[in-house]
Amino acid sequence: MDSASTSSKHIYKMSTEDITKLIQLRSSNSALFDGRKNSSKTAWSAILREMGLDEKMTTEQIAKKWENLKARYKDAKYPPTGVEKNPTCWKWFNLMDDALSEEFEEKISQQVITSEAENDNAPHPSKKLRQIKVGGEILEFLEEEGTSVNVPAATKTHLVKQGIQKGKQTAEGYSLDMMRTKLQRDRQLLEKELGGLDREKALLERERALADRERAALHRDRAQVEKDKAAVKRDKASLEQDRARLQKDRDALAWDRAALERDRRS
């Protein structure tokens, strides 16, 4: 790859449309990231080609961007204890939540089960109330000091399923919104093209009117030429008649001159 292409990969800044497409493609192609050797690099290369950025970014850069988005999402969804945040203030939260909520909820569930198994025989310290967001809802749990959230297994399973269901519903709603937005853009594009066609039609009508006027002028000029040609023919005929009369007069004069010469000799 040439130096200009390499330089462009270092300075390219992803647009809002690029980041939206990145989240969607990474979510829909998560199966490609199966942990096998070089599978991640191959998957990122395919995503870059799909985004049309394979000449602008490297696989390392796009992977780093994704990890930054995941870290920001985790911080927004699960803020530290005592820190209040409104995750929806981050513009990418809803899209990232649709893409990662199921994965993160499974991780939390595993952490809860591990925590319960480790603390079954331990003395129960004091507890405090903690709020977390699961599947788009704010839920309250009793949290032991220094441990993870204490959630019964049955409740955990129900909440995870509920969160997954809500995540799917949110994803379907987002897909409908994306489709509606795409249809609106297509409609605006068609209306713009229709307006362009109307302008072209008006221009063609003006050109046609101009051509009609030029054609009418050409017909008038042709009619005038025909009239002039007829006049020339009449003038030519008159000239031929005058020439014939002149020749006749010339012949008569020659006859008179010959008669005069005969009279003079006699």
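How are helix 2 and helix 4 oriented to each other? In this predicted model, the two elements pack at an angle of about 85°. Angles of 65 to 115 degrees count as roughly perpendicular. Helix 2 and helix 4 are therefore roughly perpendicular to each other.

Two packed helices are described by the angle between their axes and the distance between the axes. For helix 2 and helix 4, the axes lie 11 Å apart. Helix 2 covers residues 16-28, and helix 4 covers residues 59-77. The contact draws on Ile-19, Leu-22, Ile-23 and Arg-26 from helix 2. From helix 4, Ile-62, Lys-65, Trp-66 and Leu-69 take part. Six of the residues in this contact are nonpolar and two are charged.

Salt bridges were examined next. The whole structure holds nine of them. Asp-186 is partly exposed, at a relative accessible area of 31%. Lys-182 is also partly exposed, with a value of 46%.

Helix 6 also contains Asp-242 and Arg-245. Their side chains form a salt bridge, with an N to O distance of 2.0 Å. How far apart are Asp-242 and Arg-245 in helix 6? The two are three residues apart, and so are separated by about one helical turn. Asp-242 has a relative accessible area of 35% and is partly exposed. For Arg-245 the relative accessible area is 48%, which again means partly exposed. The limit for an exposed residue is over 50%.

Arg-264 and Glu-261 make up another salt-bridged pair. Their closest N and O atoms are 3.5 Å apart. This pair, too, lies in helix 6. Arg-264 and Glu-261 are three residues apart, about one turn of the helix. Is Arg-264 buried or exposed? Its relative accessible area is 59%, so Arg-264 is exposed. Glu-261 is partly exposed, with a relative accessible area of 31%.

How values were computed:
Residues are numbered from 1 along each chain as its sequence is written. This is a predicted model: local features need pLDDT of at least 70, side-chain atom pairs count only at pLDDT 80 or more; totals for chains, interfaces and linings use all residues. Side-chain values use heavy atoms; hydrogens and water are left out. Axes are lines fitted to C-alpha atoms, for helices over the stretch in contact, and angles run from 0 to 180 degrees between N-to-C directions. Helices (H or I, at least four residues) and strands (E, at least two) are DSSP runs, numbered from the N terminus. Angles under 35 degrees count as roughly parallel, over 145 as roughly antiparallel, 65 to 115 as roughly perpendicular and the rest as oblique. Contact means heavy atoms within 4.5 Å. Ala, Val, Leu, Ile, Met, Phe, Trp, Tyr, Cys and Pro count as nonpolar, Asp, Glu, Lys and Arg as charged, and the others, Gly among them, as polar. A salt bridge is a side-chain nitrogen of Lys or Arg within 4 Å of a carboxyl oxygen of Asp or Glu. Buried means under 20% relative accessible area, exposed over 50%, partly exposed in between (1.4 Å probe, protein chains only).
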